[in-house]
Amino acid sequence: MLKARRTLAVLAVMPVVALALSACSAAPSADSPDQGPSSTGELTTLNVATIGLTSDGSLLTGIEQGFFEEEGLEISTSIVANPPAGLAAVQGGQVDIAYSPSIPLLNALSQRVPIQVIGAADGFPPAGTEISDPASFDGTGLFASAGSGVTKVADLAGKTIAIPARKAQLEVVIAGELEKAGVDPATGVNWVVLDFTSAVAALKNGTVDAAGLVSPFTAEAVDIGATQLSAPSIGFFESGATGLWTAGTATITAKPEAIAGFQRAIVKSNEYATAHEDEAIQAGLDYTKSTLTIDEVKRPVWPIEVLPEDLGRPNTQMVELGFLKTPVDLDGVILGE
């Protein structure tokens with residue numbers, strides 16, 4: 001069995017209904033009056049951008065249970081196309097809070113984007129947890145074409161791997177698997193960019209040797225006889241909070257009470273989702289209009305806090321793998337640390 005070590009998990013991005021958001025709007029002014037819970041009993045609206053994951057069920061059931069209303073908040077949700085779109089929207093002030101996996105966040109922070117982490121959205125079991133099947137918690141997978149002759153990660157030397165975008169989350173975690181297997185991720189493989197539907201088709205007809213996929217495309221890869229070589233995200237992150245709720249520094253300054261209320265409510269939501277897993281998963285499936293059943297999805301994990309090492313570990317690994325030139329300065333990034 002795998003003993004999970006302390007670090008982060010990756011959250012699979014499912015292509016769902018996308019709301020296009022740009023970052024052209026101005027962020028809230030730090031001189032604006034605080035938009036926290038009103039003494040008159042009126043609710044303060046916070047606009048929250050998600051990327052359409054099953055794990056969104058925690059936020060949704062928390063809203064349903066009234067945890068945010070207790071804090072004087074009304075949550076308005078929208079789905080954006082991908083994490084960078086959400087980070088652009090939260091930076092530009094078009095939304096107050098946005099979901100982001102740790103790797104896109106670190107990339108943004110490396111460019112000095114003024115964003116902070118205000119809570120945990122999802123992740124992997126905590127450090128020290130005995131996990132008999134790592135893939136059961138990992139919505140991502142590295143698959144080899146049935147006709148490629150590849151049966152293990154080390155066999156990928158000189159082979160072609162499909163990923164949805166360069167230098168993004170899947171490439172980073174697969175690079176970690178390649179390095180552990182003795183294959184140079186920079187020069188030892190050929191990376192090609194394909195959307196997930198095209199990647200599954202390429203696996204089927206053998207035009208690529210391997211592909212990094214997310215659920216539900218991982219199930220499609222199994223159906224065509226592809227071989228799963230690894231669960232790359234849990235192999236890279238291993239444990240802890242990885243999907244993160246973020247807010248722009250300007251918003252945090254302008255709305256401190258509302259942001260603090262969100263922080264308290266999301267902890268209650270994650271605790272509730274953990275205790276009522278099927279209810280939260282179904283809420284996430286309904287929200288994303290997924291046709292999957294509860295039994296067909298990976299079981300989300302909802303941590304109640306973001307630890308410093310949850311960002312520190314991937315920060316170090318991204319430098320070692322060449323995705324960051326220098327470590328990101330994480331001082332003050334986690335609000336309230």
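## Helix α3 and basis of the model

Helices (H or I, at least four residues) and strands (E, at least two) are DSSP runs, numbered from the N terminus. In these terms helix α3 covers residues 102-110, and R112, which follows α3, has a positive phi, near 65°. Helix α3 is mostly covered, with seven of its nine residues buried, where buried means under 20% relative accessible area, exposed over 50% and partly exposed in between (1.4 Å probe, protein chains only). The buried residues of α3 are S102, I103, P104, L105, L106, A108 and L109.

The model is predicted, so that local features need pLDDT of at least 70 and side-chain atom pairs count only at pLDDT 80 or more, while totals for chains, interfaces and linings use all residues. Residues are numbered from 1 along each chain as its sequence is written, and side-chain values use heavy atoms, with hydrogens and water left out.

## Aromatic pairs

Searching the whole structure gives six aromatic pairs, that is, rings of Phe, Tyr and Trp (its six-membered ring) whose centres lie within 6.5 Å, called stacked when the planes are under 30 degrees apart, edge-to-face when over 60 and tilted otherwise. One of them joins F68 and F262 in a tilted arrangement, 5.5 Å centre to centre and with 40° between the planes. This pair links distant parts of the chain, since F68 belongs to the loop between α1 (57-65) and β3 (73-79) and F262 to helix α9 (residues 256-275), 194 residues apart. Both F68 and F262 are buried.

Another pair, F236 with F237, is edge-to-face, with 4.7 Å centre to centre and 80° between the planes, and F236 and F237 are both buried. F68 and F262 also belong to one aromatic cluster together with Y99 and W245.

## Packing of α9 and α10

Helix α9 packs with helix α10 (residues 277-287) at an angle of about 110°, their axes being 5 Å apart. This makes α9 roughly perpendicular to α10, a term for angles of 65 to 115 degrees; axes are lines fitted to C-alpha atoms, for helices over the stretch in contact, and angles run from 0 to 180 degrees between N-to-C directions.

Contact here means heavy atoms within 4.5 Å, and in α9 the residues Y272, A273, T274 and A275 meet E277, E279 and A280 of α10. Sorted by class, this contact has four nonpolar, one polar and two charged residues.

## Salt bridges

The count comes to ten salt bridges, each a side-chain nitrogen of Lys or Arg within 4 Å of a carboxyl oxygen of Asp or Glu. E70 pairs with K268, their closest N and O atoms lying 3.4 Å apart. E70 is exposed, with a relative accessible area of 54%, whereas K268 is partly exposed at 32%.

K255 and D96 form a salt bridge whose closest N and O atoms are 2.8 Å apart. The two residues come from distant parts of the chain, K255 from the loop between α8 (249-254) and α9 and D96 from the loop between α2 (83-92) and β4 (97-101), 159 residues apart. K255 counts as buried at 13% relative accessibility, and D96 is buried at 4%. In a further salt bridge, D155 meets K152 at 3.0 Å, N to O; D155 counts as partly exposed at 23%, and K152 is partly exposed at 45%. Elsewhere, salt bridges that share partners join R166, K167 and E171 into one network.

Notes: Parallel < 35°, antiparallel > 145°, perpendicular 65-115°, else oblique. Nonpolar A, V, L, I, M, F, W, Y, C, P; charged D, E, K, R; others polar.
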